[in-house]
Amino acid sequence: MSEAHANVIGQKPLVLSYGELVVDRVAGLDRPGGAPLNFASALQPLLRTLGGDCLVVSRLGEDAGGGLLRDALLAHNLPPTLLQTTSDDSTGISLAQIQPKGEVVFQLEPGAWDEIAWSEPLREQAAACVGLLAGSLPLRSPASASTMLALFQTSNASIRMFDLNFRHEPEAELLTSVLEAATHVKGTVEEWIQLGTILCCQADQAHAIATELRTQFALDSCLVTNGAGGCVLLDGEGAMAGLPVAFPMDENADPIGAGDHAAAGWMFALLNGRSRLDQVAAADILGAWAASQPASAPGIPPAVRDLLA
């Protein structure tokens with residue numbers, strides 16, 4: 001990474017991370033996960049170098065899974081300010097199967113995060129935050145989709161990041177509404193192609209689809225991820241790719257959460273006004289770190305944090 005840059009957003013930046021807090025059940029073992037936690041756990045130690053904070057916006061049941069996730073938030077120094085709880089629904093569970101070639105197949109059970117409610121505290125923090133991340137999974141339920149749209153449409157954040165995650169296929173109208181309010185979009189090669197199909201894009205390749213949609217929705221930039229192949233940033237200046245990044249692999253490593261960590265690296269670089277190359281490098285570094293670990297939200301050790309801070 002290049003030398004430290006001034007934080008272009010201002011002092012003590014606040015970022016919101018919205019969506020599905022779930023228990024990841026992998027090979028019969030439960031561990032805390034879900035994109036909002038994975039993203040926030042990676043971003044929080046970086047934000048703290050600026051005096052900032054990341055708040056997770058989700059909903060948990062009053063059960064053992066909810067307790068596991070609350071403990072994880074505490075362990076990662078993530079305040080529960082915007083965390084909702086309910087006795088009506090159980091905490092969400094994500095059944096994950098890791099395939100021989102490393103691909104992960106998920107089955108998401110219905111859970112409390114399908115009913116995230118709009119609230120006055122959420123409205124206040126939406127007005128105060130400088131960064132916002134939400135994925136496409138909450139669009140599967142009317143309640144959480146409505147709250148997510150309200151969050152994107154009322155937020156004053158300079159960076160409103162939409163992370164594609166097509167374990168289900170949202171309606172084109174919902175996707176269009178989010179894209180109209182977003183400033184940055186991230187997804188895998190396969191997710192960009194699927195998005196292009198849903199929205200009837202003329203292009204049929206990931207980079208071309210991202211470029212077409214960036215123009216159509218006046219997005220600042222798009223990020224296309226490709227696992228160990230690294231990320232490509234697409235903006236008004238064209239395409240920017242980085243160099244391969246790898247860490248020593250834990251013997252039980254899996255790629256769950258790697259994309260969320262890449263989003264955290266990209267968010268932090270954007271908050272700091274980093275160059276296009278540094279944005280790609282930040283995403284690649286955190287994504288590769290997560291892929292080398294046996295946890296969805298492994299935490300960022302100081303040595304990795306200092307590569308970006």
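Helices here are DSSP runs of at least four residues, numbered from the N terminus. With that in hand, welcome to this structure, which is a predicted model. We will look at a pair of helices and then at some charged side chains.

**Two helices side by side**

Start with helix α8, which covers residues 258-271, and its partner α9. Their axes come within 7 Å of each other and cross at roughly 150 degrees. Because angles over 145 degrees count as roughly antiparallel, α8 is roughly antiparallel to α9. The crossing of α8 past α9 is right-handed.

Which residues of α8 and α9 make the contact? From α8 come Ala258, His261, Ala262, Ala264, Gly265, Trp266, Ala269 and Leu270. From α9 come Asp278, Gln279, Ala282, Ala283, Leu286, Gly287, Ala290 and Ala291. Sorted by class, the contact of α8 with α9 holds eleven nonpolar residues, four polar ones and one charged one.

**Charged partners**

Side chains of opposite charge can pair when their charged atoms come close. In this model the count of salt bridges comes to eight. Here are three of them, with the N to O distance and the relative accessible area of each partner.

| Salt bridge | N to O distance | Relative accessible area |
|---|---|---|
| Arg25 and Asp30 | 2.6 Å | Arg25 32%, Asp30 42% |
| Arg48 and Asp53 | 3.2 Å | Arg48 41%, Asp53 22% |
| Asp235 and Arg276 | 2.9 Å | Asp235 15%, Arg276 14% |

Take the pair of Arg25 and Asp30, joined by a salt bridge. Arg25 is partly exposed, and Asp30 counts as partly exposed too. Next comes the salt bridge between the side chains of Arg48 and Asp53. Arg48 counts as partly exposed at 41% relative accessibility, and Asp53 counts as partly exposed at 22%.

Now turn to the salt bridge of Asp235 with Arg276. Which parts of the chain does the pair link? Asp235 lies in strand β12, residues 231-235, while Arg276 belongs to helix α9, residues 276-291. These are distant parts of the chain, with the two residues 41 residues apart. Are Asp235 and Arg276 buried or exposed? Since buried means under 20% relative accessible area, Asp235 is buried at 15%, and Arg276 is buried at 14%.

**Back to α9**

Technical notes. Residues are numbered from 1 along each chain as its sequence is written. This is a predicted model: local features need pLDDT of at least 70, side-chain atom pairs count only at pLDDT 80 or more; totals for chains, interfaces and linings use all residues. Side-chain values use heavy atoms; hydrogens and water are left out. A salt bridge is a side-chain nitrogen of Lys or Arg within 4 Å of a carboxyl oxygen of Asp or Glu. Buried means under 20% relative accessible area, exposed over 50%, partly exposed in between (1.4 Å probe, protein chains only). Axes are lines fitted to C-alpha atoms, for helices over the stretch in contact, and angles run from 0 to 180 degrees between N-to-C directions. Angles under 35 degrees count as roughly parallel, over 145 as roughly antiparallel, 65 to 115 as roughly perpendicular and the rest as oblique. A crossing is left-handed if the near helix is turned anticlockwise from the far one by less than a right angle, and right-handed if clockwise. Contact means heavy atoms within 4.5 Å. Ala, Val, Leu, Ile, Met, Phe, Trp, Tyr, Cys and Pro count as nonpolar, Asp, Glu, Lys and Arg as charged, and the others, Gly among them, as polar.
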